[in-house]
Each structure stands twice: as C-alpha cells, then as structure tokens.
Amino acid sequence: VSQQLKEEIRRGFAGLEDPLAGLLAMLENSSDWKGKGHSLGYHITTELQLWIKEQPAVPQSGIQLKKLQARVLRILSQCPANLLDPLISIYQLHTADRNYLLEHVNHLYLKGDYKEAAILSIKLQLQPDQDVEKMCIPLLLQDKANVVEDYVKEYPELQSKLLQILDSWCEPGVNIRDVTRPYQGLSRYKPEKFNHRTLSKLVFRLLGRFHIDPALCPNVVNQRHVRTLNYLFYKRFVEKTMTEENWADHVQSTVGESRCLQGHLVQLLLRHCGGGAARWARLWGLPCDMLPAGPAEELPRLHAQHRVQEATKADNYEDSKKKDYYQLPIPWENIHFLQTWEETLRCWEKVLQPGQVVGVDMEWKPSFGMVGKPRVALLQMAVKDEVFLLDLPRLLEQAEVEEEKEKLPRFIQMLYSDAAITKLGYGMSGDLSSLAATCSTLKDTEKQLHGVVDLLTVDKHVDGLSPEHSHEERGVRQQEKGLSLLVQRVLGKPLDKTEQLSNWEKRPLREEQILYAASDAYCLLEVYERLHKDPESFGLSSDLMESLVGKQSVKPRAKKQLNKQEALSPSGQQCQGSQVETLHAPAPLSPREFSVVCDNMLQGLGRYLRCLGVDVRMLDNKDDHRKAAEIARQEGRVILTSGLPYQTLQSQVGEGRCFSVNCSEKAKEQALQVLKHFNVQVSLSDVFSRCQ
C-alpha cells in the first residue's frame, strides 16, 4: 500500500467522531472486502488496527462497544480469513460475553455453516465450552480434516477426546453409515471420503502430529496390524519376495498377545499354508482352540514334510539368486560389522580421505504405517573393495554411557560436509531425515551437504538397459523399481530385495542381512563407475562427473570467490552455470533485447520473465531437452535450463549462451539470478509490456 493511501486513511479516521462505528458502516455498505486477497476494505481495517494502538483514547467500552460487537459478529461469518484477526482485535471480542459468543457460533452451526462456526470458535478460543464431536463430525464429512486439526491443536484434552471418538467408530461391528446417517442432508457431503481406511489415516496423522501414545486408539492400531498381516502374507506367499525367517519375525512381533490378531493369523495360515498352519501355530504358541482338529492331528508328519520342502526351496533359491541377481564382488572378510568406537576408527581413516568415493546407505526396521519416523539401525559405507556396517543404536548407546554423545555425529557431519569426498546415495533426503530422527545432533546435516551425488536424480536421465543384458533374457518375474531397477539397467542384474523388510534392529544380524546391506551400498560405487566410464551408452553426457559433483567441489574456495552459478543447490552439488568467473560484467541489456528459451522444468521462470518484458519461448512438458538447443541456434536465444541437461545443452551452443538455474528456488529468485547474470536492466515501462 502506498504511503499516500495510508496517510489518507489515517486522516479519515481522525476526522470521524467514532472511527469504530465508521469502519462498520463502511463494511456493511460495501462488498469489496468479501473477496479473497487484500482488498481496499482490508487495508482500511488493518490501518485502523495500527492507528488504534497509537491512539489509546479511541477504544470504546460499555454499552456502545456491546452494540458494535453485535454488529461485527454478523460480518465475521462472511469475511475472509485475513480480516478475522484485525476485526476481533479492533472490537475487543475476546472481552465480549462468552455465552453471547457461543450463542452466535451455535446459530452459524444450525444454519449449516460448520466451517465458519469452527474457524470463529478457534479465533475466539471457545473450544473448551463446546462439544468436540458435534463440531468436528460435519467437518470430517465435508473433507475438512485440516480445520478439525486446527480446532483441537491447542487443547490436549480435546485431542484425546476426538481420537477416542474416532477410534470407537473403528470398533469391530460398528457401521460407519450409522454414524453418518444423521448428516446425509449435509451440503458438500463427501461420504466416499469417510470410511475405515481414511479414518485410520486421520487417526495416525493426529497421533503423530500431537505426539500421543497410539495405545489410546486400540481399534485403529488393531486394524493397522490386520493390514500388516495381510501384507506380510502377500509378500511371502503371492509375491514370494520375503524370506521365511523375515516373514516369521515380523508376523510374530505384529500379533503379540492379541487374541483378535491371533484369530486372524490362524485364518491366514489356513488359507496360505494349509497343513503347515499347525506347525506355525505351535511355533508361535497360538491357542489350540483356534485351530481346526485336522491340521493339529497331522502335525508330526506335516512338520517333517514341510522341513524337507523348505530345505529344497532354499537350495533352489540360492542357485537362482546367483544367476538372477547382482552379486557383491568382494569377499566376506572385507565386510566389517562395527559395534564399538575403536572398531569405527579404521572406517573413518578409510572414508575420510580426500578424493575418496563412498557409497552410503541406511537400513531401519519397517514401521508398516505406525506412528513416528523410522530410526536408523544400520549405516553402511562402501569404499573400493571394502564395506563398513555401523551398528548405529549400539554405537550411540556406547557414546551416551561414555558421555561422548557428539563423537559419532561429528564424524558423520565431517563426511557429509567435506567437498573433497564424493558421497553416493539413492534417495538421500529420506535417509537423512531418518538419520536426524535417530540422532537430533544430525538434524541440520542436510543443510551442510557438499560433494553429494544422489543417483535417484541421475536415474531419471538413464536410458534403457545395459547393452549386453535384458530383462527378458533373465526371465525375472518381479518388476524392478528404484535402485534395483537402476542397477539392472546399468550393471545388467537387479538387486535381490528379499531382505529389504528385515527387522534391522534385531541382533545378531543374519548372514543374508549383512550381504544385502553391503550390496546396497557397494552397488552405488559400481553404478557410478560404470556411468562415469561410458555415459553415452546410457543417454548421459560425457561430462557426467562434472555435472554431478563439479571440479570446484574438490577444493572449495572462500564464499566471496564463488561464481554466482556455483552456489550450492539443495542436493549439495554445485550448479555449473559459467565454469569461468567473468572479470567484467556484460554490457547492460533491456528486457526487449534479451531473448531466451526455457527448458520444460522452468516454465514458472519463463512466465515471470515474460511479465518483465523478456522475449521468452518455453518447451512443452513432452518436448526433449535438446529442442532448446535447436531453438537457441535458429533464433539466437539464450538457453535457461537446470541439472543434468545443462551439460548436454551447453556443448551445443556458443560460450555463455546456456545458463543453469537453481531448480529449488522460486520463480522470482530464479528470475533475479538470470537478470543479474546477464545484466538485464528492467524499467517500469518494461513490466507487462508483452501482455496482450
């Protein structure tokens, strides 16, 4: 708002005998303030709020204020969210009669304005005097769960009460339709959004957000366990991608002593295992009365037969594994499982070497959708010919006993922040989030990354399978995804993921788990090396290493010496715009003299530059990145791109005619970066000059 308008508004207030009544009269007789955004009515209201703070004699009291409060309440139910707080403050509604406020909110509720009633209740802090079930059910049926969360946010008692209500609707035998029947005439009613599954998700979200013990909601937790059991049986008997030991371990820990879950488990065993159900029932100590008579009587013969079958299956499985899956190329003795600080010293000596390339991965116990972030149970670091497996819980526990909590986190931070060491990962953001949940000292690690290569980013640019292998040749039934698919494309065989859902917190780890964990980290080294040696075979540029880490990251310079195009991106790699710092800024340009073509991931930047008068062409989402180079050559435009395509495109145009933008920035920041780099001077007459 211009200073002139502010002064005019204040002069208007000073000339009124009763500014509060004047504002109400204006709002009652106009409608411009009802829309979204900052209307003139909004600016006048907020300016009055500031003016009142500077004029202590202005606020009303007594009967006159009560009359104004009654009038403003009628306006509040219609006004946008940005006007609520200023009006509540100006008319001192927190001092109004509470019963009168509750009566007004109830009037809104009875009219069917449930969202408006809830928001006003939140603003006036009326929740403790209201029925949480009555206020929240209509909102949930209208798919307004976010308003419900805000409604109970500041009140732990209401949080617990709401969660218990929601949990009671998930009790076996309760029909959700019976709960929703009284609300069938509700406007914007979305019954499809209100079922046991969505309720379960909402409950777990609330439990996590408000840090409440899941034991408060036994029915929802039980439902989640039932779904977990179904999933485990699917993985073991349908997909056949889970080992028996893994499967049995998770089944046992999921069922526990719950009789309800034991009953469901017996039904699943009978359906999937037939006679073998009796063996598992006895092994897990399930009550005999849950088993049919037949399987129990045949237990001895079936047990022996099952053992022979499993042994045969195991032999066949080992043979197929070697043929079908990636094999760790280092001997067993080169895998080091580290549980003490002394043992880790050798790891740090190897890993923290300038020029070292390290494959980093992490494992944690599957949560199967339960509350809380997973805590890292194993940290894997692979270097050439060796893998180190760090037993993180044990090491952190030892550090706490020895009162040296910072020792291990300090080394992990040194590794991630050292630009002279290349760290390889796949989906590193999730790993680092779990690492922060495991050790709070590491919560800022993601902000201090240097020399990091996330192969998940590279994966999106890798074309086809390895030249000498194909999926069909191996006849693998399970469709690969994620890192396993990348390994298959680059090295010819996918990873064996049968141990992925292991209980990684259980000690000792089995040999299969250790091999799986070591392979997950070591394959990163082999993928990176293969892509680096022969990038063209996979549709990547020959400057792969430079495009991923950047030569400058090996010897970091002082911040003031960094070229603007070498600012660190969120992934920790340096954006390679102009490799050489320019000694002299280019001659000033007007936006009309500046022509660009924006790659398809920068359409927001293109629109923003066009608003500033720049001549912009943009690639469509389906266009190949290389089309930008064609347009740039034909029309004399500068290419604006980001990430890996920069290396390919900059080699196809003249020097300085391709610029790499930080994709994590908003369009405005990207535009400022581009304008500054090319010394484009924008005047007021340029703004919107290209708009029709």
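**Exercise 1.** Determine how far helix H3 is enclosed by the rest of the structure.

*Solution.* The model is predicted: local features need pLDDT of at least 70 and side-chain atom pairs pLDDT 80 or more, while totals for chains, interfaces and linings use all residues. Residues are numbered from 1 along each chain as its sequence is written, and side-chain values use heavy atoms, without hydrogens and water.

Step 1. Take helices as DSSP runs of H or I with at least four residues, numbered from the N terminus. Count as buried any residue under 20% relative accessible area (1.4 Å probe, protein chains only).

Step 2. Eleven of the 15 residues of H3 are buried, so this helix is largely enclosed by the rest of the structure. Among them are Tyr42, His43, Glu47 and Trp51.

Step 3. With contact meaning heavy atoms within 4.5 Å, the buried residues of H3 pack against helix H1 (3-14), helix H2 (19-28) and helix H5 (81-90).

**Exercise 2.** Describe how H5 and helix H7 (residues 114-124) cross.

Step 1. The axes of H5 and H7 come within 11 Å and cross at roughly 45°.

Step 2. Leu84, Asp85 and Ile88 of H5 meet Ile119, Leu120, Lys123 and Leu124 of H7 in the contact.

Note on methods:
Buried means under 20% relative accessible area, exposed over 50%, partly exposed in between (1.4 Å probe, protein chains only). Helices (H or I, at least four residues) and strands (E, at least two) are DSSP runs, numbered from the N terminus. Axes are lines fitted to C-alpha atoms, for helices over the stretch in contact, and angles run from 0 to 180 degrees between N-to-C directions.
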